[in-house]
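Hi,

Here is the model I said I'd pass on.

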Amino acid sequence: MVQLSRRRTLPRIRAALALAALLLGGGAHEAATTVAAGVGGTTNTVEILGPTRGDGIERVIDVLTHQIGLVLPAGTRVHVYTTRESFRRGLVRDAALGENGADELAAFAMGIARPGRALLNGRLSDGGTEWLRLVAHELTHVAQFELAGGEGRAEQWLAEGMAEHVAFQTLEHLGVSSLAQHRRTALMRVQQQPAFAHRRLDLSTLGSPRDFTLRHQREGSVETYHLTFLLADYLIERHGFDAMLEYFARLKRQPSEAAFRAAFGYSIATFEAQAIEHLHMQRSAVGD
């Protein structure tokens with residue numbers, strides 16, 4: 001069962017999570033809000049630390065766990081920081097990053113996820129569309145880590161693409177945007193992504209977190225995230241969201257390439273060749 005702090009009883013999560021379960025086998029004082037999110041007869045808590053007025057975090061958690069069917073681990077924390085400097089300090093204190101790594105991330109990132117926690121720069125915490133998207137994106141990463149048994153096991157382009165896809169599913173459930181609208185925007189903007197413009201994806205250089213960061217900083221963050229969204233969208237269109245969950249669940253006992261082949265039925269290289277042709281056809285169809 002999935003519940004929020006109002007103790008409302010919510011429907012059973014989707015059957016895909018039963019499959020995922022089988023695959024898995026066996027400092028400073030902050031204001032805090034506790035949201036309950038449980039699965040399989042248990043009750044897990046999500047603690048929100050920091051300023052939360054009007055930010056919609058509770059609504060996002062409701063959609064992720066109730067309507068989309070993701071599982072957040074017991075004791076998940078969402079840290080919201082009021083400034084870039086407090087965000088940087090939080091990366092050191094709450095995410096155990098070194099000073100240099102925290103400086104680098106705080107310079108461009110609005111949020112990061114670690115196992116069991118999401119850390120968010122609260123500059124956008126006005127409850128608007130971009131804030132809701134950010135919260136959903138980072139909490140999807142937390143759910144991915146839970147499925148995979150740790151971070152850094154997935155193809156990073158797919159982890160980011162799924163997180164973007166779930167974020168826009170969430171916005172659609174909340175009635176503030178739609179998948180179709182974002183799909184069209186992404187198809188129009190992806191032409192500005194250098195590799196895509198030259199009919200390449202080079203997914204092998206987007207596979208690790210570090211390589212992904214270097215490439216999206218070099219080739220355009222917005223354009224590269226549009227590309228990852230479209231890649232995940234194509235996989236979900238062909239195989240369904242359950243297959244995406246299966247891929248992440250398999251990472252607990254298989255390397256990424258084997259998990260990808262088992263979940264989707266072909267290699268990453270085969271997918272890459274098919275996806276670039278499909279996306280260029282879709283891009284031509286929407287025009288400029």
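To start with a side chain: does Glu99 count as buried, partly exposed or exposed? Glu99 counts as partly exposed, because its relative accessibility is 45%; the classes are buried under 20% relative accessible area, exposed over 50% and partly exposed in between, with a 1.4 Å probe and protein chains only.

Some housekeeping before the rest. This is a predicted model, so local features need pLDDT of at least 70 and side-chain atom pairs count only at pLDDT 80 or more, while totals for chains, interfaces and linings use all residues. Residues are numbered from 1 along each chain as its sequence is written, and side-chain values use heavy atoms, with hydrogens and water left out.

**Salt bridges**

The count comes to 16 salt bridges, where a salt bridge is a side-chain nitrogen of Lys or Arg within 4 Å of a carboxyl oxygen of Asp or Glu. Glu99 makes one of them with Arg88, at 2.7 Å from N to O. Glu99 lies in helix H4 and Arg88 in helix H3 (residues 84-93), so this pair ties together parts that are 11 residues apart in sequence. Helices (H or I, at least four residues) and strands (E, at least two) are DSSP runs, numbered from the N terminus.

Arg88 also meets Asp103 in a salt bridge, at 3.5 Å from N to O. Here too the pair runs from H3 to H4, so it ties together parts 15 residues apart in sequence. Arg88 counts as buried at 17% relative accessibility, whereas Asp103 is partly exposed at 37%. Both contacts belong to a network of salt bridges that links Glu85, Arg88, Arg89, Glu99 and Asp103.

Elsewhere, the side chains of Arg189 and Glu223 form a salt bridge at 3.4 Å, N to O. That one links distant parts of the chain, with Arg189 in helix H7 and Glu223 in helix H10, 34 residues apart. Arg189 is partly exposed at 31% relative accessible area, and Glu223 counts as buried at 12%.

**The largest pocket**

The volume of the largest pocket is about 1200 Å³. It has 48 lining residues, and the closest to its centre are Gly111, His137, Glu138, Glu160 and Tyr225. On the method: with a 1 Å grid over the protein atoms alone, a pocket is an open set of points where a 1.4 Å probe fits, with protein on both sides within 12 Å along at least five of seven lines, and lining residues have an atom within 4 Å of a point. Grid points are joined across faces, edges and corners, and the volume is the space filled by probe spheres set on the points.

Elements that give two or more residues to the lining include H4 (99-106), strand S4 (111-114), H7 (179-189) and H10 (221-239). Helix H5 supplies the largest share, 10 residues. By type, the lining divides into 21 nonpolar, 17 polar and 10 charged residues; Ala, Val, Leu, Ile, Met, Phe, Trp, Tyr, Cys and Pro count as nonpolar, Asp, Glu, Lys and Arg as charged, and the others, Gly among them, as polar.

**Strands**

S4 pairs with strand S5 (residues 117-121) in the antiparallel sense over 4 bridges, pairing being at least two DSSP bridges between two strands. Gly111 has Leu120 as its bridge partner in S5, and Ala113 has Ala118. The two strands form a hairpin with 2 residues between them, and Gly116 in the turn has a positive phi of about 80 degrees.

S5 also runs parallel to S3, joined by 5 bridges. On that side, Arg77 is partnered with Arg117 and Val80 stands opposite Leu120. S3 (residues 76-81) has 5 of its 6 residues buried, so it is largely enclosed by the rest of the structure. S5 is mostly covered, with 4 of its 5 residues buried.

**Helix H2**

One last check, on geometry. The 12 residues of H2 (residues 57-68) should span 16 Å at 1.5 Å a residue, and the end C-alpha atoms are 15 Å apart, which agrees; the expected span is 1.5 Å times one less than the number of residues. Among the buried residues of H2 are Ile57, Val60, Ile61 and Leu64. After H2 comes Gly69, with a positive phi near 95 degrees.

Cheers
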